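Please keep the sequence and the model open beside this note, and look up each element as it comes up.

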Amino acid sequence: MSTAPVLELRGIDKSFGPVQVLHDVAFSVYPGEVTALVGDNGAGKSTLVKCIGGIHPFDSGEYYFEGRQVHVSGPRDAAALGVEIVYQDLALCDNLDIVQNMFLGRERKRGLVLDEDTMEEMAAKTLVGLSVRTVKSLRQHVSSLSGGQRQTVAIAKAVLWNSKVVILDEPTAALGVAQTAQVLELVRRLADKGLAVVLISHNMNDVFAVSDRIAALYLGRMAAQVKTSDVTHSQIVELITAGRSGELGLQNGKEATA
Amino acid sequence: MTTTTAPEEKAVATSAGLNQQVRDYVERVRGGELGALPAVIGLIVLCTVFAILSPVFLSPVNFANLFTQGAGVTVIAMGLVFVLLLGEIDLSAGFASGVCAAFLGVLLTNEGWPWYAAVLAAMLVGVVIGLIIGWLVAKLGIPSFVVTLAAFLAFQGVVLILLDEGTNISIRDSVILAIANENMYPWLGWALVVVGVLAYAGLQLLNNRRRAARGLVADPLSLIAVRVGALAVASGFAVYVLNLERSRNPGVISLTGVPVVVPIILVLLLVWTFVLRRTRFGRHIYAVGGNAEAARRAGINVDRIKISAFVICSFMASVGGIIAASRANSVDPNTGGSNVLLFAVGAAVIGGTSLFGGKGRALDAVLGGAVVAVVINGMGLMGYSSSVKYVVTGAVLLLAAGVDALSRKRASASGRR
């Protein structure tokens, strides 16, 4: 169905001192799809994401963006490519309003002065584009928003910059049922708009509800990258906990082609 | 998402808008965002009490005294707002102002420098002090409490060294003395009111037009009218009273007009308000104070912001020191000492600046400075001993910090509903 991956990693190795966290990891992200990245605690999900985001340099391996090999040596490089990460702890300032948060560090200026009007317009347009209608005023402080609304603002902030890949680190972990549904809907809309979305989650219901592909990490190795429609709940759970499930997964320490 | 871009909502934005604004304000106050409310209420209550207890309090002479008494503390508090916005503290601001004042005195009186050179040198000393403190806090990572406590002690010594173990240097330069002791021509005071009110009204209307033209939510005209009206009445009344004759013997010497420190404070207030509200630097100060990690991830240079906040604070302390020297006509080891720092921190916090960072305005320092000035002045008039003054000052500071902590609790309780 989909064309070439927008972002592709090949043979990524990453060690922290004597501990090798990622072994020869391959990972592809496709435009217009939600790729779920699953794995048990310590499987290397966060490390992989930080490598993609340029926060950790990887030891060896290749990073392809839109077919070209690129070198990402810092968060700025990743942002310049159009890769945005929404972290679990959101990175919003409670004492600033929605517009101020969305433009934080990238404020528009008119001469010496901040161009509040343009920023407000752009923020409004982005939120309308994401069909977000739950926010009363763009000028309310983030401290007065619910968890789901905060997550929405954080995601909208990532989308504002014409990003091509948006990585969400457990966006529903702290949310209630209704808010989770809201955020998952937003995640789906992002992909439908043509963005490549990576969703890190521990919640199998969320993963199966929204993702097109699932990538399962097991002890720092990519156990399998499969289409969501081809697998069942229990197969994914086996991949996460044992690294293999029947024909799928790691066979004698090597990845089987799924 | 806001639906106010719809044309039918804009059409009713004038008259219904004011009610909505008032309702929003009440809701904000209930939610713990008190803003200037405690300072304004405190000012009204204190003024009423002192006016009843001591008839002199409301006399034009005393009204003018309030401004010169509160000026130094207000200016230092304005600088402290920047440090408090980051959730840091500068305990050395009082004695930093003393050090700068001592430099001023030595250069002016002992070395015979012209006033502008001495003032620039004193301000430069303030900037250097801020750079050192800011560097120690941001780069070395020593808690600001410890760094500035050390500086607090050290600067007392520096003042003594500069003043040759405690001699008193008198200031004779007429320009420096004019800052806290002279008044403006009465007509100049009125001109200031007219220009200020017109400029404020013009800016507000311009902003309103621009936002309305782009289909954004604009403040209703009625609200603008209320704001401009309030400014006109308050400033008009102040200038009227200050322009009354307040000399005991008008035949010999006339004493009228707005004290020269008032326009100085107004200019500083405008500059720092502009910086905090309209520039990228100001936005980043709030961001670092609200969530330093988020600011760092957004690509903001947190260390640079921290250092500049301490530089601004010490610079403002130097200005406060110059005003204090002018008011006392001299510099002595107590300039900027005793409870200047406590008054300044108290002024910022009473005005509505949070000790927890992320919340505060330059205006807070002026409002809180007014409260502090009224407390000092009123108790002086009542003839209380210094023991009572210390206790009351401590209580006021604690009360302000308590209001801050409670409103913060309330805000987090209502914010995460």
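The numbered points below go through a predicted model, from the domains to single helices and strands.

1. In chain A, the domain assignment gives domain 1, which is made of 1-82 + 164-258, and domain 2, which covers 94-162. The centres of these two domains of chain A, taken over C-alpha atoms, are 27 Å apart, and their contact takes 12 residues from domain 1 and 11 residues from domain 2.

2. On the side of domain 1 of chain A that touches domain 2, strand S9 (165-169) and helix H6 (177-192) of chain A each supply at least two residues, and the largest share, six residues, comes from H6(A). By class, the residues on this side of domain 1 of chain A divide into eight nonpolar, three polar and one charged.

3. Chain A contains an open sheet of six strands, with mixed pairing, whose order is S6-S9-S10-S3-S11-S12. Strand S6 (83-86) and strand S12 (221-227) of chain A are the edge strands, each of which pairs on one side only, and neighbouring strands of this sheet are turned against each other by 20° on average, direction ignored.

4. Which strands pair with strand S1 (residues 7-16) of chain A? S1(A) pairs in the antiparallel sense with strand S4 (residues 60-65) of chain A over five bridges, with A:Tyr63 in S4(A) as the bridge partner of A:Leu9. S1(A) also pairs in the antiparallel sense with strand S2 (residues 19-29) of chain A, here over seven bridges, and A:Phe16 has A:Val19 in S2(A) as its bridge partner. S1(A) and S2(A) form a hairpin with two residues between them, and A:Gly17 in the turn has a positive phi of about 60°.

5. Where chains A and B meet, the contact takes 28 residues from chain A and 25 residues from chain B. On the side of chain B, the elements that give two or more residues are helix H9 (186-213), helix H12 (280-290), helix H13 (292-297) and helix H17 (386-415), and H12(B) gives the largest share, six residues. This side of chain B has eight nonpolar, eight polar and nine charged residues.

6. Within chain B, helix H4 (residues 60-85) and helix H14 (residues 302-328) pack at an angle of about 175°, with their axes 7 Å apart. Angles over 145 degrees count as roughly antiparallel, so H4(B) is roughly antiparallel to H14(B). Among the residues that meet in this contact are B:Gly72 and B:Val75 in H4(B), and B:Phe310 and B:Arg327 in H14(B); the residues of the contact divide into 17 nonpolar, four polar and one charged.

7. Helix H6 (residues 115-140) of chain B has 26 residues, which at 1.5 Å a residue should span 38 Å, and this agrees with the 37 Å between its end C-alpha atoms. H6(B) is followed by B:Gly141, whose phi is positive, near 80°.

Note on methods: Residues are numbered from 1 along each chain as its sequence is written. Chains are lettered from A and ligands numbered from 1 in the order in which they are written. This is a predicted model: local features need pLDDT of at least 70, side-chain atom pairs count only at pLDDT 80 or more; totals for chains, interfaces and linings use all residues. Domain bounds come from an automatic or database domain assignment. Two residues are in contact if their C-beta atoms, placed from the backbone, lie within 7 Å. Helices (H or I, at least four residues) and strands (E, at least two) are DSSP runs, numbered from the N terminus. Ala, Val, Leu, Ile, Met, Phe, Trp, Tyr, Cys and Pro count as nonpolar, Asp, Glu, Lys and Arg as charged, and the others, Gly among them, as polar. Two strands pair if DSSP finds at least two bridges between them. Axes are lines fitted to C-alpha atoms, for helices over the stretch in contact, and angles run from 0 to 180 degrees between N-to-C directions. Angles under 35 degrees count as roughly parallel, over 145 as roughly antiparallel, 65 to 115 as roughly perpendicular and the rest as oblique. The expected span of a helix is 1.5 Å times one less than its number of residues.
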